[in-house]
Structure formats: structure tokens, C-alpha cells
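Subject: Structure handover and findings

Dear colleague,

Please find below the structure that I am handing over to you. My findings follow directly after it.

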Amino acid sequence: MKDGPVDALSGGFSAPSTQSAFAFRQILRALSEPGVIVDLEGASPPAPLSAAAGALALTLLDGGTPVHLAGSLDCAALRNWITFHCGAPLCDAGSAAFAFGTWADLAPFDRFAIGLADYPDRSVTLIVEVPQLSATGYRLRGPGIETQRFLSVPDAAPFQANRALFPQGFDAVFTCGNRLAGLPRTTIVEHA
Amino acid sequence: MTDQAYNFAYLDEQTKRMIRRALLKAVAIPGYQVPFASREMPMPYGWGTGGVQVTAACLTPDDVLKVIDQGADDTTNAVSIRKFFQRTAGVEVTQSTALASVIQTRHRIPETALSAGQILVYQVPIPEPLRFLEPRETETRKMHELEEYGLMHVKLYEDIARHGQIATSYAYPVKVEGRYVMDPSPIPKFDNPKLSGSAALQLFGAGREQRIYALPPFTDVVSLDFDDHPFTPTKANHDCDLCGASASYLDEVIIDDQGSRMFVCSDTDFCETRREMGHVGRLGTPSNKGAQA
Amino acid sequence: MYVAVKGGERAIDAAHAWLAEERRGDLSVAEMSIAQIRNQLRLAVNRVMAEGSLFDPDLAALAIKQSRGDLIEAVFLIRAYRTTLPRFGATQPIDTAQMACIRRISATFKDLPGGQILGPTFDYTHRLLDFKLAAEGQLPPQAAPTAPPVRASMPHVTGLLDQDDLIQPEVDAGLAPPDLTRSPMELPAARALRLQALARGDEGFVLSMAYSTQRGYGRTHAFVGELRIGMVRVSMEIPELGFAVEIGEIEVTECETVNQFKGSKTEPPQFTRGYGLTLGQNERKSIAMSLVDRALRWRELGEDWSGAPAQDEEFVLMHADNVQATGFLEHIKLPHYVDFQSELEMVRKLRAEARAYKEAAE
């Protein structure tokens, strides 16, 4: 068994129509029930991108979604992979519809699009690659959460600042291996 | 058996990606209408093209689909849409609210409480709650931006001044998470309380008007009202004549030339399930399961 | 005992079978071929192509046959098919100055370079029913005198006015035009988006809007500077080759109106323009489109808003599409008994309260 793809042409979905349908439902669940950790299978993107972030890219990106790769993810192997499989144009942070990176590489977050007052949907979705992801740590409350959930997000302050912008703001998902959790702009993140 | 000439669930992958991205923004901004590039579908605008596109973008081969119109599984447009997805997605279909993973609906929320993991997809004709007060999109967009909902309150209050009560009986406007005023689609106001705090994900698709919006599970949804005129859900003051249910929404049926009436549950699955459990209404006969099919 | 209405599926299947029978009609009458429709009902085919936004005369003819001659239904069939087609890219802009014209007239100049070409028009026919056409299988009509289509470069009338600085110049903003079929309508709309919406808009709607401007609701004093119909070449840049190749020819109708304009707060006195372009021979639509285009330009030309329907961009653009309009109009046939029931309860309640109030007062 090989360790992920050797070139830009491999590592995509073998049955795009159904695999992207399954992947989308997981992502939809993650963003509509913040803090729920879902599995996302089927993609083998080049390192260092996680399988979950790769599956999200295959499911949501195309020629209509400018993509920003931050820090160590901005490498030739990934650029080529995204270009070949998604056809998404690469761009700077400010014009991105989707931005991939580690927490440190994506910061500061105020350089991303938060949408307009009359079109708050025209905002970025951040895909934050994290070394570990578990239902512990900060307390989450808000739409999609009956009482409370917990998630191992790196910090609360950027989300509190983001929440204050509502209905504008960014939406985030956290990816780790083949797992993913969502944190839309509505979620209130606080110390447990 | 799926139709091999078309992609899974009819829509091409690029279209599905566009709709899926809009859906994700919709759940992130509950109650806000996200513009999307609605496609011409092989059924007319106004007949559920928005709901069909949302359902098509959500379906997986593992889903069990239920389609209702006016609460019933056997109305012609519900039959037609269900058949469309059987043909293009090959998904399993059901009439049971409890067994369905995705339910597409027009004008009703099922009586049976929805559970976690279920998705309810609404067909929406006019997504803009302010449209009949202000026809211009350019104006209503500004009103949502500035949370200028005074016009809506004025309209409701005029009702009270003229009729002693709010005279809106369906498509009754709601406020979502204290921010956006939203049209719940033309459901009777009887159904409004089920919008709030539902364990299911609720998605709204308006094809002709090119808008998608959403209520994540456990979202706070309040029907607009006044302290001295609180919102009250209403239904016909009868029990179901077939199953005897006292708290379900009823259709009124004229049964003879003298105008005699009977009242039956609008939710056909709810009514049949109750009758199978042995409940009998005023004009009903004990269920004989098997003869029904 | 009441039994809920069942059998929706059987009813639908039976209705479809009946519809197919009705479409075919009397079996003793020969079936129409696609070629017959394409050749002998060309103007219907053209309308379906224009409003369906797809240049394919055979498919348009098929849609007309399938829809039993209901052209809006045929437009709908074409649109629903079109939206499933993969996209290979965008062609280069067509050059209508290089059109092989079968018709070209100007109402503003008696003669002009390239000449006036009357072409196959109803204009000067006397509208008398030609009963000879009712006798089928007759000899073909007398052959018309022929001349090859004129493909010599035929300058646009507006270009001639341009040279003298008499007409408001048209500046290429260099922006890629938006695509109405791929992104939701956003208002206010740029002119490119307005023209797209009008080009696929319902002929009757655009006609009536244009007519209303002539009757004074947003009057623009239009002359047909030029109307031309003919084939134009379509080319596409092939990235692998690094140059454009011709991929085919399409028939289009182009109308440019020249509009009287006494100047405004921001613009000097000059002629202004309206523009109409449709797939196929569609003169009425193209002329109407150019009048509505001109009326919608009031803001950029510094004119006053007179409140006329044809000046109202949102009103025109949101209601021009007949596939949207017919769907929503006809959806009120669908069951609405849940809503109706809620209204019934409301009306009964209001009446009961009004009666009680009256009785209490008496």
C-alpha cells in the first residue's frame, strides 16, 4: 500500500458523484451541528494536506471558488493537485472563498473576507488543519447545539471576535486525518 | 432502477457543488436567503424546483426519501417528484415520516416529531417575507441588512386594528435567532411552533427566486407577535373523522351535495399509522391493513 | 365511508398516455417530421431558439413537435435540456459587421454603403389569406430571383454617425460579461446582464414593454438605425493551439436604434443607442429589445426617472422570463388545500366575531 499519491493526477475520488454526495452530507452535518466530529473518506491528497481536507476540496471546490493555500500548504504538489482535480484558481487570502492552512499559518484572521452587510454569504470558509481533534476543551453553544458541546479548538478569542461581526464573519472547519468538525460564525466559543 | 442517461440525482456535479456551497452558507447564517444560480429543472418553476435542487444536492444512495404535498404522500405533485428521484437517484422511498432520512415537503411539517439526522426540505414559492409589503428586491435586501422590520410589524398591527387579531393564517413570518425575519414557506401557522428547536435540519429552496435558506437543528425561531396579541397556532375545531386525532392539522372535505363536511388529518402517514394502531374516528372504520395497499 | 383519494401515480401515467395520443392526433393524417417543422415553421423555430438560448434548429423543431406547438412549453424543454450540457468555454464575440446579410434595412438613411436589402419579409405582403396554400401537393412557389448573400463588409449605420461624433460613443469596458445562466440575477444589473435577460425574454412581454415606451411611458424617440439579419461566423480560441478557429455559423438578427436626445444634466445633445440581438430571424423581438434597452439606460444617460414600467430595471428583468412566469402562474393549479383551510378558519373566525360584536351592539 502506498503512502498517498505520487503525483497531481491521483488521489481523487474514484466515484465522484456518490463519494462527493456522502462527503457533502458529512460536511453539512458538521456545519449544522457544530462540534460534531464526522469522518470524511475517499481522498488521498499530497502531504501535508489531510484526507478530510482533501475530500472537502474535491467536494466543494471548482473554477468558481478562489482558493488560498497558507504557509506550508502552499507547495507545488498541493497547488498542482488542487488545480488538476478542482480547477480552482489560487489566490491571496483576501479574495479566497476557501482557505486551507494550520491555525498559525491562517492567522491573522481579519485578512479574510467576512462578506458584505447585505451579502454576508460572500465570506471565506477556513479549513484549519489541526494536530488533534476531540470533543474536549472549549464549550460551544448556539444554533445546531441543543445544550452544549465541547471541541478542542486552538483558541476562543478569534471566534469571539468573529461572532461579534454576525451576520458577517468567516466559517471554519477543523480537519485532522480523516476527521472533520465545523464551527460556523454563529457558534459561541467559551472557556469550559 | 436509475436512469443511466443522467448523473446521480439528475444534477451535474458542478451544479451540485454550487448548491452545496450555498447550503453551507445558509446553515452558517440561519434565516438569511443565500442567492444561488438555480437551474431550469425538468419540471416547471413553482412546482418545487427549489426543493428538488436542494434534495438532489443532499441525497446519497443510502437515503430513504419521503415526499409530501399538503401533508399527503399521494397528491399528484408529490408522486411526480418522488418518481423523479426514484428514476434519477435510485433511492429508497417511504411514506413513513419516522423511516425517512430526507423529507421534501410542500406546505406542511409532518405531525410526527422529527429526529436528529433527518433533513426536511421545503419547497418555497416566495422566499422574501417582506415581498408583499415591498416588491423590490433592492429595497428588501437593504431592510434585512439594517434589520428594518418595522414595516412587517406595522402590517401585523394594522390587522389587529382592523380585525382584532393578526389575519395571517399561513406563511406566517418568523424571526430566526433574533436576527433575520424569515418566510417559513406557506405552511399553516399551526405548524410554526415545530420550526423552533427541531432536532432535524430544515432546508428551504426557492428555485425561481434563486434563494436557499436554512434552520440548523435547535435553532430559535419565534413567530412575530405583540405582547397584547400573542401568536396562537390554530386548526379546525374538530377531531379527525378517520383516526380521531384531536391535535393534528385537518383538511375539510365536502362529502355530499348538501355540503356536509368531514375533517381528516392532512398528514396521511400520521392518520394511517394511528388507524393501524387501532384509533377510529367518528366516520372511520377499524383499519384493515393490507386492504389499504 | 370516506376513502382518501389515491392512485395519483396511475392518474399521472394515464394522463401522459392521453397527452401522447393527443399530440399525434388523427392517425390518418401523416405525421410531421422534424425537417418539415424546421423548414416550414422557421419563425417558430427561431423564437424557441432565441428564448431557449440555444442555437440548434433541429432540437427546437423537436421541442415544438413535442409541445404540440405550445412555444413557451417548447422554450422550457430547450432550457431544461440546455442547462444539462457541459461547457467547453466561451466563443469570441461575433462580428456582425461581417454578417452575410439576407436582410438589411435602415430607416434613417435612404441609401448607405452596402445598400438596403429587403429580404424575406412580411412587411409589404397584403394580409390576405392565401387559399392556394390550403391546396396541398401543389407545385412549388415560383423561384425567387436570387443573389448571393452579401458578405462584403457592411459598416453599421451607427458607426457612420460615430465618425461624425453625432452619437453617444459605446466604450468597451473590457469586462467579461456576467452569465445569467450560471449566477443568480443581481440588481442593479450592468447593461450586459440586462441585454442577456432581454435576449431570452418573452417576445410578447418585451414587445409590450417597447410599445409602452412608444405610447409615452418612458418615450425614447427611436428610429431603426439599422436592422440586419444573416449568418455570422462563430470562433473559439483553442488554448492548445494558441489561436481561434471557426467552429460554425449561426443566424442572428441585430437591431440598432438611433434615439433622439436633447442632452441631459450630464450628457451633450447627441443621438443615443438601443441595441437588440437575437438568435435566428426575430425582427419584432430585436426591435422591441432595442427599445427596452434604450429605455433602461435612463440613469447612465442622466435622464429623469419618469416612473415608466420600461424604465424600471427590476420590474422588467424580473418578469421577462416566460419559463419562470408560466411556471409560477400555473402552479396555482397545484393543491393548496392546507393554505385554503387556514384561510377558511380565519374568515369564519373573523365573521363570527363581527357578528357577535354586531349583536352585542344591538
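How many salt bridges does a search of the whole structure find over all chains? The search gives 60 salt bridges. Please note that the model is a predicted one, and that the values below are computed from it.

**Salt bridges between chains**

One of the salt bridges pairs A:Asp62 with B:Arg17, whose closest N and O atoms are 2.9 Å apart. A:Asp62 is placed in the loop between helix 2 (51-60) and strand 2 (67-69) of chain A, while B:Arg17 belongs to helix 1 of chain B, so this pair joins two chains. Across the interface of chain B and chain C, the rule finds five salt bridges. A further salt bridge links B:Lys83 to C:Asp13, with 2.7 Å between the closest N and O atoms.

**The interface of chain B and chain C**

On the side of chain B, 64 residues are in contact with 46 residues of chain C. The size of an interface is often given as the accessible area lost when the parts come together. For chain B and chain C, the buried area is about 4,700 Å², and carbon and sulfur atoms give 57% of it. Of the area that chain B buries against chain C, 13% is supplied by B:Glu40, B:Trp47 and B:Gln165, more than by any other three residues.

**Helix packing in chain A**

In chain A, helix 2 packs against helix 3 (residues 76-86) at an angle of about 35 degrees, and their axes are 9 Å apart. The crossing of these two helices is right-handed. Helix 2 of chain A contributes A:Gly54, A:Ala57 and A:Leu58, which meet A:Trp81, A:Ile82, A:His85 and A:Cys86 in helix 3 of chain A. By class, this contact has five nonpolar, two polar and no charged residues.

**Helix packing in chain B**

Helix 1 (residues 13-28) and helix 2 (residues 49-58) of chain B have axes that come within 9 Å and cross at roughly 95 degrees. Helix 1 of chain B is therefore roughly perpendicular to helix 2 of chain B. B:Lys16, B:Ile19, B:Arg20 and B:Leu23 in helix 1 of chain B meet B:Gln53, B:Val54, B:Ala56, B:Ala57 and B:Cys58 in helix 2 of chain B. The residues of this contact divide into six nonpolar, one polar and two charged.

**Helix packing in chain C**

Helix 4 (residues 57-66) and helix 5 (residues 71-82) of chain C pack with their axes 8 Å apart, at an angle of about 130 degrees. That angle makes helix 4 of chain C oblique to helix 5 of chain C. Their crossing is right-handed. From helix 4 of chain C, the residues C:Leu59, C:Ala60, C:Ala63, C:Ile64 and C:Gln66 meet C:Leu71, C:Ala74, C:Leu77, C:Ile78 and C:Tyr81 of helix 5 of chain C. This contact has nine nonpolar, one polar and no charged residues.

**Backbone details**

Two cis peptide bonds may be noted in chain A. The bond from A:Ala107 to A:Pro108 has omega near -5 degrees, and A:Pro108 lies in the loop between helix 4 (103-106) and strand 4 (125-129) of chain A. The bond from A:Phe166 to A:Pro167 has omega near 10 degrees, and A:Pro167 is found in the loop between helix 5 (157-163) and strand 7 (171-176) of chain A. In chain B, B:Glu147 has a positive phi of about 55 degrees, although it is not a glycine. B:Glu147 lies in the loop between helix 4 (137-145) and helix 5 (150-163) of chain B.

Yours sincerely

How values were computed:
Residues numbered from 1 in each chain as written. Chains lettered and ligands numbered in written order. Predicted model: local features only at pLDDT ≥ 70, side-chain atom pairs only at ≥ 80, totals over all residues. Heavy atoms only, no water. Axes fitted to C-alpha atoms, helices over the stretch in contact; angles between N-to-C directions. Helix = DSSP H or I, 4+ residues; strand = E, 2+ residues; numbered from the N terminus. Parallel < 35°, antiparallel > 145°, perpendicular 65-115°, else oblique. Left-handed = near helix turned anticlockwise from the far one by under 90°. Contact = heavy atoms within 4.5 Å. Nonpolar A, V, L, I, M, F, W, Y, C, P; charged D, E, K, R; others polar. Buried area = accessible area lost by both parts, 1.4 Å probe. Salt bridge = Lys/Arg side-chain N within 4 Å of Asp/Glu carboxyl O.
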